[in-house]
Amino acid sequence: MKRAIGLLGRGGLFAVVALYTAFAAGPFLWVATMSLRTTSEISIDHYALPAKWHWEKFGQAWFNSNYNVYFGNSLIVVVSAVALLTVIGSMAAHCFARYRFRGNRALYFIVFSAIIFPPQITIIALFQILVQYGLYNTLAGLALVYVAVQLPLTVYILETFFARIPGDLFDAARIDGYPEWQIFWKVSLPIALPAIATAVILNTILLWNEFLYAVVLITDESKRTLPLGIQRFMGDQLEDVGMIATGLMIAIVPVVLIYAFFSEKLIQGMTAGAVK
Amino acid sequence: MRTLRWLVAVLAVTFASAALGQQVKLTFWSHWAAEKIKRDFVEEAIRRFEAAHPNVKIEATWYEKNALYAALKTALRAGTGPDIFYAEPDQVEYMENGLLLDLSPLDWSGIEPWAKQIWTYKGKPYGLPLEAWTIELYYNKKALADLGVTVPASLQLSAGSFTDLVKKARAKSMTPMSLGVGDRPFPGAFLVHEALVKKLGLEDYANLLAGKLSWSDPRVVDTLKLVRSWTEAGLLPTTFTTLKLGESHTYFYANPGAATFLMGSFYSSRAFNPPDKGGEPAGFQVGIMKYPAVPQGACEECRTLAVGGSYVVNAGTKNPREAIEFLDAFVDPAMANRWLENVVVQTGLKADLSKIGGPHAAYLKELFAADANAKYFFGLPNQRMQGKPKEVFTQVFNNAFPAGTISVEDAVKQMNAAYAR
Amino acid sequence: MASLVAPTPPRAASTALRVDRPPWGAIVAFLLPAFTVYVAFTAYPVLRTLWNSVRTVLPRNAEFVGLANYAALARDDLFWRAVQNTFVWACVSPLAEVTIGLLLALALYARIPGRRFFRIAWFTPVLMSYIVVGIIWVWIYNYDWGAANALLRAVGLGAYVQAWIGDPRVALPSLIFVTTWMWTGFNMVVLLAAMHSLPSEVLEAAELDNCGWAAKLWHVVIPLIRPTILNLVVLSFIGKMKIFDLVWITTKGGPLWSTETVSTYLYKRAFEWSTFDLGYPSTIAVVWFVIVLAGVLGLTWLFRTRERLEY
């Protein structure tokens, strides 16, 4: 009897899991199929599988509709922002974690507390500042803003990790006479690689998809990032559902690939600080 | 001595010709990136002006409206910004902040006085009113014939006949009226304010919009109830809230087709494109009639006339003279006629109506017939209202009320509250 | 770590740095870049917004108006409607997302095969930009051919079809449903990882006590992952208080302000209303900042009290 219930329980469980998978991944699959069909095919039947696989639509979006520009802009902004974040974030985190000095916790708190700042408190002034200093509508301006936006989270993730490195390593290095910079470079960084990886992945995903700052600070067509560019196909006339779907896939696939390869590291990093 | 004089003469000539031949570059930002006919007209005007003025070069950038407004807001704030740009009269913030050049030097005798009035702020004019438009009730001649509805000689159905049309169309599973508010804040409101202006007359309607007449006035409530009776009978498409302006055109004449279409007379900018670019299919016969008469209306001839796309000059421009010269080139009956014949929508420029020809002469004749004997109220509600009343009006009467998601009582309450300080 | 011993140290080994004399030079060097960015793009803008909020900020001049903006804000019922909507969202979402996420994590904890595949599949909604998610769900909610109504019609519940984002009564719940769809998978993955990192002795002990698996889960596992759960709740709360992209791409705050959030209202006041004034939107930002802060502090205080009561 208990066996039967057990089996039923298992089956039921599996059903729930399967249902939820359909629910979570369904829309993604739907967009994937639509990205390979033309809009006229879609208007006939919205849910059919592609009869003919229109791979050329990706080419169209990429070359004829500026997607290569949008993708390029996103790449430039995200890569430079994440690189800068990793460097200055790890430097600051190392300092907070390893050095005891007056004001350490206070300064850390000041940076960390910015995590809860809603974007609204800074967006208007950032708009004014970038316009004033000629950084409005530039990729450099947007990248700098992105660094500031993600700095608190980055410092938080890295600091928690840096703090867990056993102090003996540092003492040994100091006794050996290593200057501070080398201690950072040769002791902290190599050990903290998992946390750095987590921060890099998280920042990349978040900034790749970022919209609010981009929409306020970039209006020039040639400087648009991918989230802004997706709206290109939403023009005056009937929504070009097929091409929008293709555009969406171009935006989604890189991120999904990054996650698929690095999912272990990412989860590790995120639960590191959370449990205990 | 002679060499010196000769040298001075040469230098003088060089300087003079340099000054005359000095290249002036004007930057020009405009809406209508996707509206080929208007864009062609303006680009032709640019070409003609550059030909007549070889030292002036005009660099034009074409935008979609929302993108243009965003780009302008930041550019003007930063103190940069184009020399000449597209604007509409509801953008009072430009004038309030001194961002526009006074256009008094233009030849205003060639421009309709009501158009000048719309662009006048504190006694000075600030815009060249190129586009003007009225709200017309377009109809599918064949569809109405099929439904057995005849348009009277006065071109205006009574409210009852219109209700009849709605019911007949629905009985044949045809949408009675195409209309969509997916991407614009004004089309849905056409239904309500065209009825209100007829019921109240010009003066009371102005008072209503200015908050001096209460929205609980029985005439207002009756009119709202009339419009509600139509929408409840299935007047509008089910996709009304998400249907875009461009899409509403194709909804009317191509797919799936509607009996009537309440739209500004800029209908032509999309309708007269080739069918594969969003235009009318071959053989489509469009008719124009007036908005139905409302019961006990104070002024059945009253209707809205709006100034649409206009061009203004940046107050900070380095080349005010050339900029004004460019705009002045538009003030010419030949230009106005060309606009009417090709773009097929009204204009604030004075035209020579005796000489109108062109490929759409028949359509123009119908348009003028529908506008005959009209008494105009100048400006759409969202051009005349600002701030909170405008926001509430848009949300309530453009979106919610025609869609049926707000009751007449609530709509009246919201509007009255919006004016309270 | 072997590299520590191998190369020759550049200085004599006699002077070891004492911990109680912090190397200020190094500290400043490490902190300077981060703080430069922070001050320039976070701290200064906050102060500037505060400065804006007591002025009318126009392109040519900025005029001091004292607390006039704040007084106007108090009377602004569109703002308070937006606050209400945002708060409802920020309170309902964590409940839904974390609870469902927890249940799903428990389901997977029972060692179902193909765990890694499910983890990736359930995480995809989070990887998509809000813009992408918004566009997809506008299609799903489409009255005529969207999946939501199509599904209802297919199972015979055609009477319940709605204009999901066109009707002011269901627009906000529809959007809350979308964010739940997005974030439940994320919560599930994090909770599952937390569960798996629990020390096995505790679970074995519960096993010995002959608890049913339900009791074991409720009384043993959940209390142990309480910190994770609370972190996720706070994270979700903050995230929903900030929300902009999703609303902007789906309803833009309509219909009839039923989905108007503080961020969309602020954006409209700053960039869409017929005015150049940035003072009033800055006032909105300042007041909202205070509200968010209060919300987060309240939440953490609430949970801290709860924890103390446990022990």
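How many residues does the contact take from chain C and from chain A? The count comes to 77 residues from chain C and 71 residues from chain A, with two residues taken to be in contact if their C-beta atoms, placed from the backbone, lie within 7 Å. On the chain C side, H1(C) gives the most, with 15 residues. By residue class, that side divides into 60 nonpolar, 12 polar and five charged; here Ala, Val, Leu, Ile, Met, Phe, Trp, Tyr, Cys and Pro count as nonpolar, Asp, Glu, Lys and Arg as charged, and the others, Gly among them, as polar.

A word on the model itself. It is predicted, so local features need pLDDT of at least 70 and side-chain atom pairs pLDDT 80 or more, while totals for chains, interfaces and linings use all residues. Residues are numbered from 1 along each chain as its sequence is written, and chains are lettered from A and ligands numbered from 1 in the order in which they are written.

Turning to chain B, strand S8 (residues 258-264) is largely enclosed by the rest of the structure, because seven of its seven residues are buried, meaning that 20 or more other C-beta atoms, placed from the backbone, lie within 10 Å of a residue's own. Helices (H or I, at least four residues) and strands (E, at least two) are DSSP runs, numbered from the N terminus. S8(B) pairs with strand S6 (residues 132-140) of chain B in the antiparallel sense over five bridges, pairing requiring at least two DSSP bridges. Within this arrangement, Tyr139(B) has Thr260(B) as its bridge partner. With strand S7 (residues 175-178) of chain B, S8(B) pairs in the parallel sense over three bridges, and Phe261(B) stands opposite Ser178(B).

Terms used. A residue is buried if 20 or more other C-beta atoms lie within 10 Å of its own, exposed if 12 or fewer, and partly exposed in between; C-beta atoms are placed from the backbone.
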